[in-house]
Structure formats: C-alpha cells, structure tokens
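Subject: the structure to look at

Hi,

Here is the structure I promised to send over. Have a look at it first, and then read my notes below.

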Amino acid sequence: METTEYSLPDLIAKAEHYTASAEHCAEEVRLKLHQWGATSSDEQAVIEHLLNGGFINHLRYATAFVHDKLLFQNWGRIKIAYALRAKKIEDSAINEALENIDEQDYLAILNKVALLKKNANREQQIRFLLQRGFSYEEIQTV
C-alpha cells in the first residue's frame, strides 16, 4: 500500500476538516495524523494549531463523551472516567464533565441497567453493575 506525503498545510487542512465533522480529542487527532504519515514535529504543530483555533477543546469533548456514553451505552461514572483518561484528557476536564450529570437521570439509567439482570442472583447483579462503571455505593441505592 502506497502512502501519500502531505505537507504541513495539507495536514492542517485535513485535521481541521476531521475535527470540524465531530468532536475529537488531541490523542485521536494524533493517531489520525500518524495514519496520514505525519512526522512527530508535524503532529505537534497541527495539534497546537487545532487547540489554538478551538477545533480541539478537551472540556467540550469530555462533556460530549460523558453524555453519549451515559445515554447510549449506559456506562457509569467510573467507566467513563477511565475511558477519558485512556484518551489522555485532563482530570479537571473529566471532573467538570462528570459534575454536569443530572443525578436523577443517572439514577434512572442505573435502575434501567439493573433491570437487565433482574433474574440473576445478587452477586451477579452487583458484578454486572460494577463492570458497567457504577460505584458500589450507587449500586446499594438500587
């Protein structure tokens, strides 16, 4: 497979288009730039340009990530936080995004997920909910 050489302005344009279509974090952009064959110095220059231009905003990304994972995949706070840390998002952005979760909605999702294993024994239910990222204290409320 033949790789195409991109100049720095081309990489910037491709990365701007990539980040304008959906929320992405710097780590995702770095991986995409690597796929495009960018050097590490070009990767850093493009990411700095995107951060300065507002194309990448980790708080905005974390907020969207929390919303999507909670609503569509029914993950708990712990699993969401681990996933964001794996994407090298700052703890301050993670904490702020997690604080924006409506507690009533969160408990409703916890109850909905708990009902998925209503026929299992108590230990299996607890293990399932822990794997979904809910804390033991939250599980005890259900």
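Let me start with isoleucine 80: leaving aside neighbours within four places in sequence, its contacts (heavy atoms within 4.5 Å) are Phe65, Val66, Lys69, Leu70, Trp75 and Leu98. There is also a second, separate core of 13 residues, which includes Ala15, Ala38, Leu50 and Ile56. A nonpolar core here is a set of buried Ala, Val, Leu, Ile, Met, Phe, Trp, Tyr and Cys residues joined through side-chain atoms within 4.5 Å. Buried means under 20% relative accessible area, exposed over 50%, and partly exposed in between (1.4 Å probe, protein chains only).

Before going on, some ground rules. This is a predicted model, in which local features need pLDDT of at least 70 and side-chain atom pairs count only at pLDDT 80 or more, while totals for chains, interfaces and linings use all residues. Residues are numbered from 1 along each chain as its sequence is written, and side-chain values use heavy atoms, with hydrogens and water left out.

On confidence, pLDDT (the predictor's confidence in each residue, from 0 to 100) averages 94 over the protein, and 98% of the residues score at least 70. Helices are DSSP runs of H or I with at least four residues, numbered from the N terminus.

Back to the cores. In the largest one, which has 27 residues, Ile80, Leu84, Ile89, Leu129 and Phe134 touch the most other members. Two or more residues come from each of H4, H5, H6, helix H7 (103–115) and helix H8 (122–131).

In H1 (residues 8–21), the buried residues are Leu11, Ile12, Ala15, Tyr18 and Thr19. They sit on the same side of H1 because they cover an arc of only 130° around the axis, taking the directions from the helix axis to the C-beta atoms. Pro9, His17, Ala20 and Ser21 are exposed on the other side of H1. What do the buried residues of H1 pack against? Their partners are helix H2 (26–35) and helix H3 (40–53).

In helix H6 (residues 91–99), Ala93, Ile94, Ala97 and Leu98 are buried. Again the arc is only 130° around the axis, which puts them on the same side of H6. Ser92 and Glu99 are exposed on the other side, and the buried residues pack against helix H4 (58–72) and H5.

Now the charges. With a salt bridge taken as a side-chain nitrogen of Lys or Arg within 4 Å of a carboxyl oxygen of Asp or Glu, the count comes to eight. One joins arginine 60 and glutamate 23 (2.7 Å, N to O). Arginine 60 lies in helix H4 and glutamate 23 in the loop between H1 and H2, so this pair ties together parts that are 37 residues apart in sequence.

Glutamate 138 pairs with arginine 77, with the closest N and O atoms 2.9 Å apart. Glutamate 138 is in helix H9 and arginine 77 in helix H5, so the parts tied together are 61 residues apart in sequence. Glutamate 138 counts as buried, at 15% relative accessibility, and arginine 77 also counts as buried, at 18%.

Finally, Glu27, Arg30 and Lys88 are linked in a network of salt bridges.

Cheers
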